[in-house]
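Work through the exercises below with the sequence and the model side by side. Try each task before reading its solution.

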Amino acid sequence: MTAAVALVAAGCSGGDDSDTDNAGGDTANGAITIDGTQPEVGLIPASTTETGGGKIIDFMWTGLVSYPNDGSAPVNAVAQSIKTTDSKVYNITLKQGTKFHDGTEVKAKNFVDAWNWAAYSPNGAQNSSFFSDIAGFTDVNTADPDDDGPKKAPEPKAKTMSGLKVVDDYNFTVTLATPFSIFPTKLGYSAFMPLPDAFFTQKPEEFGKKPIGNGPVKFVSWTDNVEIKLTRFDDYTLDDKVKIKDVTVKMYQEDTAAYADLQSGNLDFQQQIPVSALAGDKWKSDLGDRALNVPTPTTGIIAFPLYDKRFQNPDLRRAVSKAINRQEITEKIFFNSRTPADSWANPLTPGNQAGNCTACKFDPEGAKADLAKAGGFTGEMVLYYNADASHKEWMEAVAQSIKNVLGINVRAEGIPTFAVFRQGINAKQMKGPYRAGWQQDYPDVENWIGPLYVTGGSSNDGSYSNPKVDALYKEGTSAADVEAAHAKFAEAVKLIDQDVPTMPIYFSNQQSGTSDKVKNVNTSNVGEIDLSSVEMA
C-alpha cells in the first residue's frame with residue numbers, strides 16, 4: 001500500500017510570480033534538492049502505486065482537478081468545467097492551450113486514450129481498478145482466476161470502454177455504470193492523468209524511463225538509485241507555476257543520511273524527519289524555524305499476506321492486532337508525534353467514523369482468547385519492513401508487544417530498500433505481516449475502501465476478498481448522493497473490522513525540514529513539497 005503515498009496532484013498555491021527576480025536569492029534561476037526513493041516502476045501515472053514514483057508524477061502531471069493544500073474540496077485544474085445532472089453522465093470541458101512537455105496541446109482524446117489504456121487489463125496498469133465506475137469497464141478488464149497463478153485472465157471483449165466518448169478537442173463525456181456522486185473528487189488522482197500522443201508510439205517501459213507530463217516541471221534525467229532531475233516547464237499556464245528552475249530528487253538508502261545532508265545544507269527539503277531526531281524535539285533545536293510540523297491524511301499499517309495459509313484465520317489476525325500497544329508505541333517510539341490508530345480511515349478524511357476499528361484496541365486478554373479460538377500459531381512470525389526509512393524501531397516494538405502478550409515467537413526483519421520490498425509485495429511472496437501504509441489519493445473515505453479492501457483493488461496487496469464487502473462498496477458507489485454513499489461504506493467497514501485484513505497502527509503528523517537556502521515552503525495536502533511555493537532565500 002502506498003500511497004499513493006499518495007499519489008495526488010500537487011496542491012495549487014496560486015500567487016503572482018512577477019516579483020520572483022527580486023526575492024532574496026535568484027529564485028528564477030534557483031535549484032533545489034529534495035529527498036526521495038527509487039520508483040518501483042517506470043513513471044506512468046496509472047502504473048504507479050507507491051510514493052517514490054508517485055511524488056515525481058505529482059510534480060510532472062496536472063489532472064482535471066487538483067487538491068488544495070488545506071485539504072478542502074477539489075478545484076478545477078485542466079478542466080474548465082465538470083457538469084452532471086444525474087451523477088451518472090459527466091460532461092467535461094478542458095481549458096484550451098495547456099500543453100504537454102513535448103509542446104503538444106492537451107486535448108480530450110489524451111484523457112480518453114489514457115484511461116482506456118489504463119483500464120485494459122492486458123496492459124497491466126496497477127491502477128486499472130480506479131476506472132471500474134465507468135460503463136464498459138468489465139468488457140476491457142478481466143480478472144486473473146488464480147491471482148498471479150498459472151492460469152491466465154481471459155482476453156477482454158473490448159479494448160475501449162463504452163462510457164468514454166470524445167465530443168471534440170476540448171470536450172468529452174464519461175458515462176458511469178451507475179450514479180456515483182464522488183466521481184469528480186477522484187479525478188485529481190494520478191491514475192486519471194492524460195498521456196501525450198507520443199506515449200502510444202512507443203513501449204510503455206520506454207516512456208516510463210523518459211516520461212512526458214503536462215505539469216509545472218518536466219523530466220530531465222533519471223539515474224537509478226541516485227537521482228531524478230526535473231526542470232521548470234516554462235509553457236505551463238495554470239496557477240501552480242513553479243518559480244524556481246531546477247529540482248533534483250536525490251534517492252537515499254537511509255533517512256538519517258538525508259537528515260545529515262539537510263543539516264549541512266546539501267538537501268533543501270526532507271519530507272519526513274527520522275524518528276531518531278524526534279526524541280526530545282531534537283529536530284526542532286537542530287532546524288529552528290526551518291522545522292515544519294503538518295498533519296497529513298496518512299496511516300501507518302501492517303498488512304497480512306492472506307495468500308499465506310498461516311494468516312487466513314481472522315481470529316488469529318484479530319489476536320495479533322489486539323496484542324499491539326499502539327499508545328505505548330506512539331509515546332515511546334514516536335515521542336507523541338503520531339496518534340494511535342482507532343479507525344480504518346484517517347481522521348482527516350471526509351466520511352471517516354472515529355473508533356470503528358475495534359481490533360485496534362489494546363486488549364491482552366481478548367487477544368489471548370482470540371489466539372486460543374484460532375488454534376494458536378506454530379513457528380516463527382516475522383514482520384517485514386523496508387530498512388531505508390525509520391521503521392526499524394516501531395516495527396521491533398510491535399513485534400515485542402505481540403510476543404509479550406501472545407507468547408509466540410515474533411521478530412521484525414528489514415529488507416534493504418523500498419523498491420526491493422515492494423517487489424516482494426507485488427509478487428505476493430511475503431512470508432509474514434509487512435509494513436504498509438496509506439496516504440489518501442483523494443479526500444473521501446471511499447479511497448480507504450475500494451483500493452485496499454475490495455477484491456482486486458489496486459493496492460489490495462494481501463489478496464483480501466469478502467463478497468459482502470464488495471457488494472456494499474458497489475452499493476455505496478452507486479448511491480445518488482455523498483451521504484448515502486458514506487452510509488454504505490460504513491456498513492462495509494464493519495465487515496472489514498471483523499475480518500482484520502490489515503492492522504492500522506498510527507495516524508501521522510509529518511515532521512519535515514528545509515535548508516536555509518529556501519523560503520516560503522509549503523506542503524501539499526499529503527505532505528509533499530509544494531514546488532510552486534518555493535523561493536530562494
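The model is predicted, so local features need pLDDT of at least 70 and side-chain atom pairs count only at pLDDT 80 or more, while totals for chains, interfaces and linings use all residues. Residues are numbered from 1 along each chain as its sequence is written, and side-chain values use heavy atoms, with hydrogens and water left out.

**Exercise 1.** Determine where D497 lies and which residues are in contact with D497.

*Solution.* Begin with the secondary structure, in which helices (H or I, at least four residues) and strands (E, at least two) are DSSP runs numbered from the N terminus; D497 belongs to helix α15, residues 482–499. Next take the accessibility: D497 has a relative accessible area of 7%, and it is therefore buried, the term for under 20% relative accessible area with a 1.4 Å probe and protein chains only. Then list the contacts (heavy atoms within 4.5 Å), which, apart from neighbours within four places in sequence, are W344, N356, C357, T358 and A359. Finally, look at T358, which is 139 residues from D497 along the chain although their C-alpha atoms are separated by 6.7 Å. The side chains of D497 and T358 make a polar contact at 2.5 Å, where the term requires a pair of N or O atoms within 3.5 Å, one able to donate a hydrogen and the other to accept it, with residues adjacent in sequence counting only if both atoms are side-chain atoms.

**Exercise 2.** Find the disulfide of this structure and give its handedness.

*Solution.* A search of the whole structure for cysteine sulfur atoms within 2.5 Å of each other finds 1 disulfide. This disulfide joins C357 to C360, with an S to S distance of 2.1 Å. The torsion about the S-S bond is about 80 degrees, so the disulfide is right-handed. Both ends can then be checked for burial: C357 is buried at 1% relative accessibility, and C360 is buried at 6%.

**Exercise 3.** Which residues of helix α12 are buried, and which strands do they pack against?

*Solution.* Within α12, residues 418–426, the buried residues are F418, A419, F421, R422, G424 and I425. These buried residues pack against β14 (380–386), β15 (409–415) and β16 (434–439). Just after the helix, K428 takes a positive phi of about 55 degrees.

**Exercise 4.** Sort the lining of the second largest cavity by residue class.

*Solution.* The lining comprises T37, Q38, N225, M251, Y252, Q253, D388, T417, F418 and A419. By class, there are 4 nonpolar, 5 polar and 1 charged residues, where Ala, Val, Leu, Ile, Met, Phe, Trp, Tyr, Cys and Pro count as nonpolar, Asp, Glu, Lys and Arg as charged, and the others, Gly among them, as polar. A cavity here is a set of points, on a 1 Å grid over the protein atoms alone, where a 1.4 Å probe fits but cannot get out, and lining residues have an atom within 4 Å of a point.

Notes. Buried < 20%, exposed > 50% of the residue type's maximum accessible area, 1.4 Å probe, protein only. 1 Å grid on protein atoms, 1.4 Å probe; cavity = no way out; pocket = protein on both sides within 12 Å on 5 of 7 lines; lining within 4 Å.
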